Amino acid sequence: MTMPNTIKTLAVAAVGGLAIFAWQHWHAGHGEPDGHAGHAGHADHAGHGQTAGLSLDDGRKWATDAGLRQGMARIQALVEAPAPDPAAQAAAIRDEVAALVANCHLEPKADAVLHALIGELLAGAEAMARPETATAGLARVRAALARYPLYFDHPGWRTGAP
């Protein structure tokens with residue numbers, strides 16, 4: 001049995017909203033006055049192709065924990081899989097971001113860098129949920145995934161994918 005499109009759309013919006021709420025709520029205790037709500041809209045900084053907030057740990061990649069590695073690998077797998085329904089794929093990405101946030105426990109500076117990437121992932125997923133911007137949204141998610149291994153030490157990350 002399938003749900004009518006209106007119900008599907010509402011369900012996707014509700015799940016996405018819950019994922020964003022969970023991310024903002026969980027991160028509100030990390031010393032940021034706005035609970036990081038503004039990260040979802042980050043764009044490339046001054047058109048120079050560098051996302052605001054991304055930096056290395058004194059020239060080294062940030063350490064990762066199991067929760068971050070597992071979550072990012074699941075997001076990468078979602079993007080690699082063919083998606084006949086970009087809105088469903090976007091909802092799955094938002095769900096994985098919420099799970100990643102719930103299970104990732106980085107030190108505060110690494111966490112702050114991760115926020116820039118999470119913002120890009122969520123912004124891309126939001127765009128994917130709309131037919132007129134689905135392709136651009138997927139490209140934005142892929143770009144965030146491509147930047148991830150430049151800043152985080154993730155053994156076994158497939159840099160050529162997606």
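In which segment is His154 found? In this predicted model, His154 lies in the segment after α5 (134-151). His154 counts as buried because its relative accessibility is 11%, under the 20% limit. Apart from neighbours within four places in sequence, the residues in contact with His154 are Thr64, Arg69, Met72 and Tyr148.

The largest nonpolar core comprises 31 residues, and Leu68, Met72, Leu100 and Phe152 have the most contacts inside it. Two or more residues of this core come from each of α2 (66-80), α3, α4 and α5. The greatest contribution is that of α4, which supplies ten residues. Leu100, one of the residues with the most contacts inside the core, touches Gly67, Leu68, Gly71, Met72, Ile75, Leu114 and Ile118 when residues up to four places away in sequence are not counted.

The packing of α2 against α3 was examined next. The two helices pack at an angle of about 175°, and their axes are 8 Å apart. Since angles over 145 degrees count as roughly antiparallel, α2 and α3 are therefore roughly antiparallel to each other. On the α2 side, the contact is made by Gly67, Leu68, Gly71, Met72, Arg74, Ile75, Leu78 and Val79. The α3 side consists of Gln89, Ala92, Ile93, Glu96, Val97, Ala99, Leu100 and Asn103. By class, the residues of the contact of α2 with α3 are ten nonpolar, four polar and two charged.

Ala77 is also located in helix α2. With a relative accessibility of 38%, Ala77 counts as partly exposed. The C-alpha atoms of Ala77 and Ile93 are separated by 9.9 Å, with the two residues 16 residues apart along the chain.

Helix α3 (residues 86-103) also packs against helix α4 (residues 108-128), at an angle of about 155° and with the axes 8 Å apart. This angle makes α3 roughly antiparallel to α4. The crossing of α3 and α4 is left-handed. From α3, the residues Pro86, Ala87, Gln89, Ala90, Ile93, Arg94, Val97, Leu100 and Val101 take part. These residues meet Leu114, Ile118, Leu121, Leu122, Ala125, Glu126 and Met128 of α4. The contact of α3 with α4 has 13 nonpolar, one polar and two charged residues. In soluble globular proteins, nonpolar side chains tend to be buried together.

Methods:
Residues numbered from 1 in each chain as written. Predicted model: local features only at pLDDT ≥ 70, side-chain atom pairs only at ≥ 80, totals over all residues. Heavy atoms only, no water. Helix = DSSP H or I, 4+ residues; strand = E, 2+ residues; numbered from the N terminus. Buried < 20%, exposed > 50% of the residue type's maximum accessible area, 1.4 Å probe, protein only. Contact = heavy atoms within 4.5 Å. Axes fitted to C-alpha atoms, helices over the stretch in contact; angles between N-to-C directions. Parallel < 35°, antiparallel > 145°, perpendicular 65-115°, else oblique. Left-handed = near helix turned anticlockwise from the far one by under 90°. Nonpolar A, V, L, I, M, F, W, Y, C, P; charged D, E, K, R; others polar. Core = buried A, V, L, I, M, F, W, Y, C linked by side-chain atoms within 4.5 Å.
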